[in-house]
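This report describes the arrangement of strands and helices in one model. Please consult the sequence and the structure shown here.

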Amino acid sequence: MQAEEHLGQGCLPEIGEPLKVRQTALARFIGEMLEYLRNFETERADWTKGLLYDTERRNSDMIRVGMGYDVHKLTEGRDLILGGVNIPWEKGLLGHSDADVVVHAIMDALLGAAALRDIGRHFPDTDPQYKGISSIKLLQYVGKLLEENLYVVNNIDATIIAQKPKLLPYIDQMISNVAEALHLEENQVNIKATTEEGLGFTGSMEGISAHAVCALTSVKDLEEDDRSFSCGGCCRERIS
Ligand SMILES: [Zn+2]
């Protein structure tokens, strides 16, 4: 019996009725209320369980978040590339690719949110085709992977941790490079820089690290017509 139908059958006792009648009516009313609450709890539990086990819904409607972290060692004789910007400085980051630590963290966040593992799996550092490659190119590839899996990027937020050099003058260009590689608006990408106050390996300038988080939405269940205007991210080019 539906809880709403059930509730309508009970009524509170009238004040002027004999005590016995009032007691019986009250007991019936309380019994009915308790049954209503029991039904309500059961229905609510079934509804919650339905949400928990509805994998279609989980994979389509919900926002997925990802995080990425990367570190590269600073060394002489290398360019310092961060967010696709070649920053003039006495040292650069060591790595198989251009060692763009913030783009690497962003890619790992995106891949993580889409449950597509990590950059080490997609771009192994033992593969000569990635030697010295621009990480922005790798980011474009990650963007295509997201498109193929019908994910759009909601936003990205990244932090570079470097004692030196001052990165503020280059942040706008980094944001622009990342947004362009993923066909995003610039207000969907945030990159910031901080120091660790001279502490640790970034403080002693042994290396630079970066953290990134992102949020994705699946467009799997959207109709073709809806996708053309709903997508502010990676699927835009594929669909239009
Ligand atoms: Zn890296």
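How many bridges join strand 1 to strand 7?

## Basis of the description

The model is predicted: local features need pLDDT of at least 70, side-chain atom pairs count only at pLDDT 80 or more, and totals for chains, interfaces and linings use all residues. Residues are numbered from 1 along each chain as its sequence is written.

## The sheet

Strand 1 (residues 63-76) and strand 7 (residues 207-218) run antiparallel and are joined by eleven bridges. Strands (E, at least two residues) and helices (H or I, at least four) are DSSP runs, numbered from the N terminus. Within this pair, G66 stands opposite C214 of strand 7.

Both strands belong to an open sheet of five strands, ordered 4-1-7-5-6 with mixed pairing; two strands pair if DSSP finds at least two bridges between them. Strand 4 (91-93) and strand 6 (189-194) are the edge strands, each pairing on one side only. From one strand to the next, the twist averages 20°.

## The helices

Helix 7 (residues 168-182) lies across strand 5 (151-161) and strand 6, and runs at about 150° to strand 6. Axes are lines fitted to C-alpha atoms, for helices over the stretch in contact, and angles run from 0 to 180 degrees between N-to-C directions.

The axes of helix 6 (residues 135-148) and helix 7 come within 8 Å and cross at roughly 40°. The contact is formed by I136, L139, Q140 and G143 of helix 6 with N177, V178, A181 and L182 of helix 7; residues are in contact if their C-beta atoms, placed from the backbone, lie within 7 Å.

How values were computed
Two residues are in contact if their C-beta atoms, placed from the backbone, lie within 7 Å.
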